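I set out here what I looked up in this model, entry by entry.

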Amino acid sequence: MSETTGLSTFAKDVHAGLTSTPKCLSSKYFYDETGDQLFQTIMGLDEYYLTRSEFEIFENQKEEILKSFLGNDASFNLVELGAGDGTKTKVLINYFAKNKVDFSYSPIDISQHVLDLLLEDLQKLNPKLKVNAIQGDYFDALAKLNENHFQKEVVLFLGSNIGNFSNGSAPKFLKRLGDNLSPGDLLLIGFDLMKDPNVILNAYNDASGITKAFNLNLLDRINSELGANFDIDSFDHFPTYNPVTGETRSYLISTKKQEVFIEATGESYAFDIWEPIHMEVSQKYSMNTIHQFAAQAGFKVVKDFTDENNFFVDSLWEKI
Ligand SMILES: C[S@@+](CC[C@H](N)C(=O)[O-])C[C@H]1O[C@@H](n2cnc3c(N)ncnc32)[C@H](O)[C@@H]1O
């Protein structure tokens, strides 16, 4: 495949991932229409404590969160990176609206489908809410954020989305995010905390197999959008958790020796029996690491909001 061919970014990324060692695919491509629906199901699973924990934090501490967001200001722009269907954010939005807070909301997501669902929902809940949705990658959206920076920004980065960056790239991302904010702007960022390794592993290996389907859906997406011939039944889902590094990794394992052809790239990709494709990282954190991240990225920690189990923290940072 020549570098100059007019391939989509998706095709280029898939080619790069399947020709690297070990093979990998970017988890940002999980979220097509089926992926969005599967993730919504995952959020409701018994094993998936993350959504419940963050929901509890918002339900129980929304008053304190609002006070911290406002500080001495009368209004703010609420920006959400990777908003998804906004399940938890709606708890805050409804509370702010009920208290007649002067704020606007800018959800950002790579999936237009999930943004459409969110906008439809918000319109029903609160037709007067000022919403400016941006479809795109975090990094492009960060640049756009900078263009329209007239009032205090309160950025939400929830659900431990930051955990999908490797420990090496998370500080760089946070630094870049900080560089796009002004002193006094706020970031409320969700981190999944280190805990009983069995609890963590089960969250990525649910008994009903939804997480497996979520991972396999990316191969389906490559089949339908890039004209590939992945035999989905010959790949199995295998998550791991390393309690030393705090890293959860999801793999798809080729259960036989096989070749997959992708029309869009015009190439075949050979898989050995038991060869893994690395699909996703979900990093778990200690409070120490979180506070170090804040300092390295030019923020001071205002307050840590945790759930009763201490499973999850939404850490509020101020740009200095
Ligand atoms: C794990 S979901 C979490 C959604 C929501 N933040 C929550 O806590 O429920 C991740 C969301 O981020 C979006 N996303 C993933 N990678 C992205 C990227 N690089 N740029 C923009 N959005 C991205 C996905 O489309 C998806 O809606």
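How far from an oxygen atom of the ligand does a polar side-chain atom of Asp-109 lie? I read 2.5 Å for this pair; a polar contact here is a pair of N or O atoms within 3.5 Å, and within protein one must be able to donate a hydrogen and the other to accept it, while residues adjacent in sequence count only if both atoms are side-chain atoms.

Basis of the entries. I am working from a predicted model, in which local features need pLDDT of at least 70, side-chain atom pairs count only at pLDDT 80 or more, and totals for chains, interfaces and linings use all residues. Residues are numbered from 1 along each chain as its sequence is written, and side-chain values use heavy atoms, with hydrogens and water left out.

I looked next at the nitrogen contacts. A polar side-chain atom of Asp-137 is 3.0 Å from a ligand nitrogen atom, and a backbone N or O atom of Tyr-138 is 3.0 Å from a nitrogen atom of the ligand. The protein buries 93% of the 590 Å² that the ligand exposes when taken alone (Shrake-Rupley method, 1.4 Å probe). I find 17 residues around the ligand, with Tyr-31, Gly-82, Lys-88, Asp-109 and Tyr-138 the closest (a heavy atom within 4 Å). This shell divides into seven nonpolar, six polar and four charged residues; Ala, Val, Leu, Ile, Met, Phe, Trp, Tyr, Cys and Pro count as nonpolar, Asp, Glu, Lys and Arg as charged, and the others, Gly among them, as polar.

Helix packing. Helices are DSSP runs of H or I with at least four residues, and strands are runs of E with at least two. I note that α3 (residues 49–70) packs on α4 (residues 89–98) at about 45°, with axes 9 Å apart. That makes α3 oblique to α4. For α2 (residues 33–43) and α9 (residues 210–226) I note an angle of about 160° and axes 9 Å apart. The pair α2 and α9 is therefore roughly antiparallel (over 145 degrees; under 35 is roughly parallel, 65 to 115 roughly perpendicular and the rest oblique).

Loops. I located a cis peptide bond between Thr-21 and Pro-22, with omega about -5°. Pro-22 is in the loop between α1 (9–18) and β1 (23–24).

How values were computed:
Axes fitted to C-alpha atoms, helices over the stretch in contact; angles between N-to-C directions.
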